[in-house]
Amino acid sequence: MPEPIRIQLRTLTPLWTGGVETGKMDRIHETGLIGSLRWWYEALVRGMRGEACDPTEHACSYDAGKPNHGLCSACHLFGATGWSRRFRLVVQDTTQPDGDSGSRQPTGKRFKRGATNERPSWYFTQGRGGTITVSLIPLATDFDPQVVVGLFKLIEQHAGLAAKTQLGYGWIRLVQPPPFDEAGFVQAVQTAAAAKLNSSEGLPALSEMFFAQIGTSDPALTAMLNLKYDVRAAFRSAFGGDQTLRHFVCGAVRGNQRQAAKVFFSQVVDDTMRVWGWIPNALPISGITRDQVVDQIKTTISQYGPPVRSWREYNSPRDTMTPLQTDRAAFLASLLQEGGERWP
Ligand SMILES: [Zn+2]
């Protein structure tokens with residue numbers, strides 16, 4: 001059995017793992033971390049053209065008689081009906097309540113449409129902040145802890161961990177990260193994907209995502225809310241103001257029906273904000289391409305003012321490090337190599 005690995009991480013923006021009914025977070029819930037790790041693993045596997053099912057729709061179930069035991073690569077690692085997760089994750093939680101709570105509004109001329117002096121607002125709930133030590137305990141001989149370390153690395157460098165990432169929660173930094181074999185990680189994802197190749201159109205895939213880093217001198221929540229508002233406003237006028245497209249990209253709430261946003265904005269850490277998202281090739285309306293939609297997002301971000309420091313995107317001329325990179329493995333490796341962009 002592989003040795004357990006310990007990963008210590010520090011939060012740079014509040015972490016939200018949910019897990020309680022009252023809307024308050026009493027502690028870090030492992031399920032929130034595992035859900036996030038699984039989401040990213042699925043996106044990486046799909047980005048390599050492998051099959052990763054949508055566990056909210058039709059998760060696999062174990063069947064000894066089928067190829068791969070009837071499991072997609074994500075279910076093989078994270079578990080499915082009749083098949084347990086290949087590792088246990090134990091959290092040593094030394095966090096404290098952290099972050100704002102209550103309604104917060106964008107600034108400037110960002111008023112609610114149709115109202116003269118009312119601004120839109122977003123509601124924040126206090127998360128947790130501080131240091132967490134995560135132990136990865138292998139439960140199967142074929143479990144490679146480096147895969148999970150790699151997922152934490154990707155999240156650390158480009159995205160956010162756990163929930164409420166659409167409100168900028170979950171920016172983490174690994175403190176004294178364990179030894180990490182980047183090439184081995186990329187190879188492991190590639191091998192997992194190759195075990196069962198399939199189109200997963202309509203589900204998040206790394207090859208349809210983008211990751212931007214933006215400089216800003218605006219305060220943490222203000223910058224995020226302003227830019228979040230501006231992107232939504234841009235989709236109100238662009239593409240004929242198509243509402244289906246706007247809701248698809250920016251998310252929407254209608255009664256109890258919630259459509260998840262596909263673009264995420266971090267809170268500001270050291271004058272830097274992250275924007276990332278998944279814009280699929282298959283859009284809900286015809287006549288508009290993924291490229292046009294991502295261009296619109298990039299233009300809006302650029303117009304916000306501060307320079308876009310970096311833009312990462314598979315096989316795209318917009319990518320500032322490896323433009324038009326069509327090698328999926330090389331692209332993933334390059335995402336993990338950006339050691340120069342770390343903040344305290
Ligand atoms: Zn599955």
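This is a predicted model: local features need pLDDT of at least 70, side-chain atom pairs count only at pLDDT 80 or more; totals for chains, interfaces and linings use all residues.
Two strands count as paired if DSSP finds at least two bridges between them, and the strands themselves (E, at least two residues), like the helices (H or I, at least four), are DSSP runs numbered from the N terminus.

Residues are numbered from 1 along each chain as its sequence is written.

Within this sheet, strand S7 (residues 209-215) and strand S11 (residues 272-278) pair in the antiparallel sense over seven bridges. Gln213 has Arg274 in S11 as its bridge partner.

Let us turn to the other four-stranded sheet. This open sheet has the order S2-S5-S1-S6, and its pairing is antiparallel. Strand S2 (87-98) and S6 stand at its edges with a single partner strand each, so one side of each has no neighbour in the sheet. From one strand to the next, the twist averages 20°.

Which strands does S1 pair with? Strand S1 (residues 5-11) is joined to strand S5 (residues 127-138) by six bridges in the antiparallel sense, and to strand S6 (residues 172-175) by four bridges, again antiparallel. On the S5 side, Ile7 stands opposite Val134 and Gln8 stands opposite Thr133. On the S6 side, the bridge partner of Gln8 is Val175. Helix H4 (residues 145-158) lies across S1, S2, S5 and S6, and runs at about 135° to S6.

Helix H1 (residues 30-47) has 18 residues and reaches 26 Å from its first C-alpha to its last, close to the 26 Å expected at 1.5 Å a residue. The expected span is 1.5 Å times one less than the number of residues. The buried residues of H1 include Leu33, Leu37, Tyr41, Leu44 and Val45, and also Glu42 and Arg46. Here a residue is buried if 20 or more other C-beta atoms lie within 10 Å of its own, exposed if 12 or fewer, and partly exposed in between, with C-beta atoms placed from the backbone. The cover over the buried residues of H1 includes helix H3 (73-78), S2, H4, helix H5 (182-194), S7 and helix H9 (328-336). Following H1, Arg49 has a positive phi, near 70°.

Helix H6 (residues 220-237) also has 18 residues, which should span 26 Å at 1.5 Å a residue; its end C-alpha atoms are 27 Å apart, which agrees. Among its buried residues are Leu221, Met224, Leu225, Lys228, Tyr229, Arg232 and Phe235. What do the buried residues of H6 pack against? They pack against strand S3 (102-104), strand S4 (122-124), helix H7 (243-250), S10, S11 and helix H8 (290-303). Just after H6, Phe239 takes a positive phi of about 55°.

Next, the domains. The protein chain is divided into domain 1 (5-194) and domain 2 (206-327), with bounds that come from an automatic or database domain assignment. Their C-alpha centres lie 20 Å apart. In total, 21 residues of domain 1 are in contact with 19 residues of domain 2, where contact requires C-beta atoms, placed from the backbone, within 7 Å. On the side of domain 1 that touches domain 2, the largest share, three residues, comes from H1.

Finally, the chain as a whole. The protein chain holds nine helices and 12 strands. Its C-alpha trace spans about 65 × 45 × 40 Å along its principal axes. For 344 residues, a compact globule would have a radius of gyration near 20 Å, and the protein chain, at 20 Å, agrees. That radius is taken over C-alpha atoms, and the globule rule is 2.2 Å times the number of residues to the power 0.38. Buried residues make up 38% of the 344 residues. Of the contacts with a separation of 6 or more, 68% are between residues 24 or more positions apart.

Methods:
Axes are lines fitted to C-alpha atoms, for helices over the stretch in contact, and angles run from 0 to 180 degrees between N-to-C directions. Two residues are in contact if their C-beta atoms, placed from the backbone, lie within 7 Å.
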